[in-house]
Amino acid sequence: MEDLLGNLGLGMSVALTGYNILFCFLGVLLGTLIGVLPGVGPVATIAMLLPITVEFSPATAMIMLAGIYYGAQYGGSTTAILMNMPGEPSSSVTAIDGYKMARKGRAGPALATAALGSFFAGTVATFVIAVFAPPLARYALKFGPPEYFSLMLLGLICAVALAHGSVIKALGMVILGLLFGLIGADLFSGMNRFTFGIRELSDGLNFAAVAVGIFGIAEILRNLENERERDAVITKVTGLMPTKDDLKRIVWPILRGTGLGSLLGVLPGGGSILAAFAAYTVEKRISKTPEEFGQGAIEGVAGPESANNAGAQTSFIPLLTLGVPANPVMAVMMGAMILQGIIPGPAVITRNPDLFWGVIASMWIGNAMLVILNLPLIGLWVRLLTIPYYVLFPAIIAFAAIGSYSIASNEYDLYALALFGALGYVLVRLGCEPAPFLLGFVLGPQMEEHLRRALIISRGDWSVFMTRPLSATLVAAAAVVLLIVFVPQVAKKRRAVFQEET
Amino acid sequence: MKRSLVAAVIAGVSLVASTAYAQQFPARAITLIVPFAAGGPTDTVARVLGEAMGRDLGQQVVIENVVGAGGTTGAARVANAAKDGYTLLLWHIGMATSDTLYRRLPYQTLTSFAPIGLVTEVPMTIIGRPRLPAADLNGLVDYVKKNAATVTMANAGVGSASHLCGMLFMSQIQQAVTTVPYPGTGPAMTDILGDQVDFMCDQTTTTTPQIQTGSVKAFLVTSADRLDQIPNVRTAKEQGMNFELGIWHGVWAPSGTPPAVVERLTRALQFALAERPVAQRFAALATAPSTKEEATPAALDAKVKSEIARWKPLIQAAGVYAD
């Protein structure tokens, strides 16, 4: 404990120098801005800034780049709530109820909830990293291919079981997403699947293009259908800050989301999106008023937002303690460290303690700055909604297109944006939800990959999923969820609870 | 007589024009296309190099990541770009191996590009999971042969450096091993650290930190001499095996780029590689800048040709194609 205080003290002494505070602020400010622009992601921004950061000290560089990353998580939820435009996989969950709240004139409380939830989660996750980084890294290593497969199986089954509306439609959406996820070169054989000979498709469809299309562009199409109705809905904004009742409702979801996010964020791969979905599922499951979910339940914003921010922060653990990046942003951060002459890995914590603890301490400072920065901005963001739609929507489409293209400079991402915008519109008209589609799209290919990898290692022996304790537990949990859905008694109750919209 | 005079005048004028063009070159920012995602080892090399080349050229070198199809999408972009030296490609050994790995390429490996020069050659290392019961290269080979039915070798997908090195290793020890592909070196390293797969061959860029802290077992380094960063890892030759391999990187312009521009770019490349900060940052990646003789169009051209010849039979024997 004394050690911890000493270490955090060292971290604070690094993070609280005027220079580092300034660059931490610049980082979170820039992060918020790029987060707000749909599609423009932290990966491209951090990569562009790499050459500049070479001139800084390693700690300053990392503090600023980390600030961009978690600042973008904040900003990303802003557009998800205001415009149904998730830029990151995890904020697609926030869009479900956040956007509904905005349409009901409660954009202010939704944004404030996201900010407060993220701040709390960020603070807790900072301590989690400080105290548990090495043991958590060891726990992440216990996850081999069979465990990942079982975890994702559980995730997909939960998505179907607790989707809003009909199970058949949710299942259909997951499978459709899964099939679109299969497009591209097969990792194991190098063979191209469903690419129709188009080379640009051999790396698969770009997540940002698909997500922005199916959520955001589809929403624009739907709004344009009836412009008068939209303006009427948005102009009656009621209150910018959450009420006392709102605050009471979000306390527990924030706590639970933080816990889930801290734990799942450590896992390389789909950690943070699973965390956001899991948090949403849990909140809906234990809520006394599950029928509000999908209609603008504030818990549906608080839980996933906290989970997503906690996960964003704990995803630093594998990089800082093992030297393996958990997601593309961490891969760019790894590049930044190497440019500084610091080799990411187990040695960082002992060889560069000022860097390690300085970055961790700066995360807390950065999160505090984000709250201070974002709470006053809520009024401004909400006023954005009163801009006439014929001015707003071309701007949104332009940013979405620039953002999607900038990721890989691939013109097919623009086609995907248009195609999935149209598809998303059709799906909305058919009463099918895009969220299970997106989860299937992200997790499906990963699930296939882990399944095949597990079977290659076991030489085709399927029992690996049951003989490894962690994997067996996850499979058992998935079976329980399936039972709950299909046992008649429960199913009846479920129908009553999730009545299909017509 | 008259005709040759005209020819001489035309040649003279075009030479002057070309030189004049080269004197103006570069008049604006240069785009250096990296055919892989930001943050990877190749991207890092490009950013270090681009910054230094830009200082010599007096213009910014902008890195653009054109990702896809094992690097061939980015290469195709450069092959079709304007032949003015403002669009360059930084790629590695994949330029030579994709010539065989891909049966249909949207460009001609040998004729679509004007080589500028070699940049660096990153050594490879063979590493194993922490609990792998083998102490050195011969122990590893014994273990692999004895447990051929269960042993697994990780790689980062068809055509990756780790895949190429694995192929070479298998042909060297005359033993096929079950390979486990990953989408990149990062996840493969995670499974090595967690004892999920047995061993892998990868660039020092990613393995050095793990070797330095003893989180993985290291069996050999593929360079001719031991590396300063990991002095305890022995070379293949020291352990009685002929196994040399490096992931060389080069810079190309589209073919048809004026010779004077190519010459100017080669000078900028040589300037950058001689810079101390560049050498220091390459050292952090456990590699070194290419020499002035290697950083020339002729050296890169020869490298591509010899490497195509080296890998063609190996890839064809393995029967692995990327399309």
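The crossing of helices α4(A) and α6(A) is right-handed. The model examined here is predicted. In chain A, α4 covers residues 58-83 and α6 covers residues 107-141. Their axes lie 10 Å apart. The packing angle is about 155 degrees. Angles over 145 degrees count as roughly antiparallel, so α4(A) is roughly antiparallel to α6(A).

Both helices contribute a series of residues to this contact. From α4(A) come Y70(A), Q73(A), Y74(A), S77(A), T78(A), I81(A) and L82(A). They meet A107(A), A110(A), L111(A), A114(A), A115(A), S118(A) and G122(A) of α6(A). Sorted by class, nine of the residues in the contact are nonpolar and five are polar. No charged residue takes part in the contact of α4(A) with α6(A).

Helix α6(A) also packs against α5(A), which spans residues 91-103. Here the axes come within 7 Å. They cross at roughly 145 degrees. On the α5(A) side, the contact is made by T94(A), G98(A), M101(A) and A102(A). On the α6(A) side, it is made by A107(A), P109(A), A110(A) and A114(A). Six residues of this contact are nonpolar and two are polar. Residues A107(A), A110(A) and A114(A) are listed in the contact with α4(A) and in the contact with α5(A).

Attention now turns to the second chain. Chain B contains eleven helices and nine strands. Its C-alpha trace spans about 80 × 40 × 30 Å along the principal axes. A compact globule of 323 residues would have a radius of gyration near 20 Å. Chain B has 21 Å, which agrees with that expectation. Buried residues account for 56% of the 323 residues in chain B. Among contacts in chain B with a separation of 6 or more, 77% join residues 24 or more positions apart.

The two chains also touch each other. At this interface, 41 residues of chain A are in contact with 48 residues of chain B. Three elements of chain A give two or more residues to the side that touches chain B: α3 (42-53), α15 (328-339) and α20 (434-457). Helix α15(A) gives the most, with seven residues. The chain A side divides into 25 nonpolar, ten polar and six charged residues.

How values were computed
Residues numbered from 1 in each chain as written. Chains lettered and ligands numbered in written order. Predicted model: local features only at pLDDT ≥ 70, side-chain atom pairs only at ≥ 80, totals over all residues. Helix = DSSP H or I, 4+ residues; strand = E, 2+ residues; numbered from the N terminus. Rg over C-alpha atoms; globule rule 2.2 N^0.38 Å. Buried ≥ 20, exposed ≤ 12 C-beta atoms within 10 Å, placed from the backbone. Contact = placed C-beta atoms within 7 Å. Nonpolar A, V, L, I, M, F, W, Y, C, P; charged D, E, K, R; others polar. Axes fitted to C-alpha atoms, helices over the stretch in contact; angles between N-to-C directions. Parallel < 35°, antiparallel > 145°, perpendicular 65-115°, else oblique. Left-handed = near helix turned anticlockwise from the far one by under 90°.
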